Amino acid sequence: MSLKRMIEYSMQDSTMNPNNSGVEAIDDKQFYQLGSNLLHSIEVALEAADDALDLDLDVERQGGNVINIRFRDKSVIVVNTQPPLHEIWVAAKSGGYHYRWAGTNAQPLWLDTKTGKELLSDLTEFASAQAGQAVKIGLIKG
């Protein structure tokens with residue numbers, strides 16, 4: 001994604017049509033599917049990182065749409081879907097973040113509503129900081 005598109009996206013009002021910038025609009029069912037795949041991808045990546053690096057993580061799914069990630073130092077990252085808003089929210093040591101759909105079904109993408117930064121890149125950064133080791137979180141193609 002170009003920097004220009006990221007800036008345009010981060011500055012757009014939530015009432016604007018996301019198709020104006022080439023984003024595929026999603027309905028509630030698609031949001032549920034995309035959100036579910038995202039949360040599953042996060043769980044799988046963190047479990048693999050825990051196995052490989054002995055991070056002593058506790059990754060727990062609550063209510064289907066919330067993941068609590070507890071680190072060795074007792075810090076927590078919470079990732080949850082917000083269906084009414086079609087957003088993904090993340091709470092980490094560094095703060096709270098809201099990510100809005102900015103992709104296509106072929107290339108899923110969630111961008112921070114304030115900074116325009118990509119969700120999985122941010123989450124990789126947050127988890128690495130809280131784990132004290134490099135952790136990589138990517139999307140499972142499904």
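**Strands, aromatic rings and a pocket**

Modeller: In this predicted model, 5 bridges connect strand β1 with strand β2 (residues 66-70), and the two strands run antiparallel.

Colleague: What makes β1 and β2 count as paired strands?

Modeller: Two strands pair if there are at least two bridges between them. β1 and β2 are joined by 5 bridges, so they meet that requirement. As for individual residues, Val-59 has Ile-69 in β2 as its bridge partner.

Colleague: In what order do the strands of the open sheet follow one another?

Modeller: The sheet consists of 6 strands in the order β1-β2-β3-β4-β5-β6, with antiparallel pairing.

Colleague: Why are β1 and β6 called edge strands?

Modeller: Each of them, β1 (58-62) and β6 (110-112), pairs on one side only. With direction ignored, neighbouring strands of this sheet are turned by 20° against each other on average.

Colleague: How many aromatic pairs does the model contain?

Modeller: The count comes to 3 aromatic pairs. One of them is formed by Phe-31 and Trp-110, with 5.8 Å from centre to centre and 80° between the planes.

Colleague: Where in the chain do Phe-31 and Trp-110 lie?

Modeller: Phe-31 belongs to helix α2 (residues 28-53) and Trp-110 to strand β6; they are 79 residues apart, and the pair links distant parts of the chain.

Colleague: What makes Trp-101 and Trp-110 an aromatic pair, and of which kind?

Modeller: Their centres are 5.1 Å apart, with 70° between the planes. Phe-31, Trp-101 and Trp-110 form one aromatic cluster.

Colleague: How do you know whether Phe-31, Trp-110 and Trp-101 are buried or exposed?

Modeller: Buried means under 20% relative accessible area. Phe-31 is at 3%, so it counts as buried. Trp-110 has 4% and is therefore buried. Trp-101, at 5%, is buried because this value too is under 20%.

Colleague: Which residues lie nearest the centre of the second largest pocket?

Modeller: They are Pro-108, Glu-118, Leu-120, Leu-139 and Lys-141, from a lining of 13 residues. The volume of this pocket is about 170 Å³.

Colleague: How does the lining of the second largest pocket divide into nonpolar, polar and charged residues?

Modeller: It comprises 7 nonpolar, 3 polar and 3 charged residues. Of the residues nearest the centre, Pro-108 is nonpolar because Pro belongs to that class, whereas Glu-118 counts as charged because Glu does.

Conventions. Residues are numbered from 1 along each chain as its sequence is written. This is a predicted model: local features need pLDDT of at least 70, side-chain atom pairs count only at pLDDT 80 or more; totals for chains, interfaces and linings use all residues. Side-chain values use heavy atoms; hydrogens and water are left out. On a 1 Å grid over the protein atoms alone, a cavity is a set of points where a 1.4 Å probe fits but cannot get out, and a pocket is an open set with protein on both sides within 12 Å along at least five of seven lines; lining residues have an atom within 4 Å of a point. Grid points are joined across faces, edges and corners, and a volume is the space filled by probe spheres set on the points. Helices (H or I, at least four residues) and strands (E, at least two) are DSSP runs, numbered from the N terminus. Axes are lines fitted to C-alpha atoms, for helices over the stretch in contact, and angles run from 0 to 180 degrees between N-to-C directions. Rings of Phe, Tyr and Trp (its six-membered ring) pair if their centres lie within 6.5 Å; planes under 30 degrees apart count as stacked, over 60 as edge-to-face and the rest as tilted. Buried means under 20% relative accessible area, exposed over 50%, partly exposed in between (1.4 Å probe, protein chains only).
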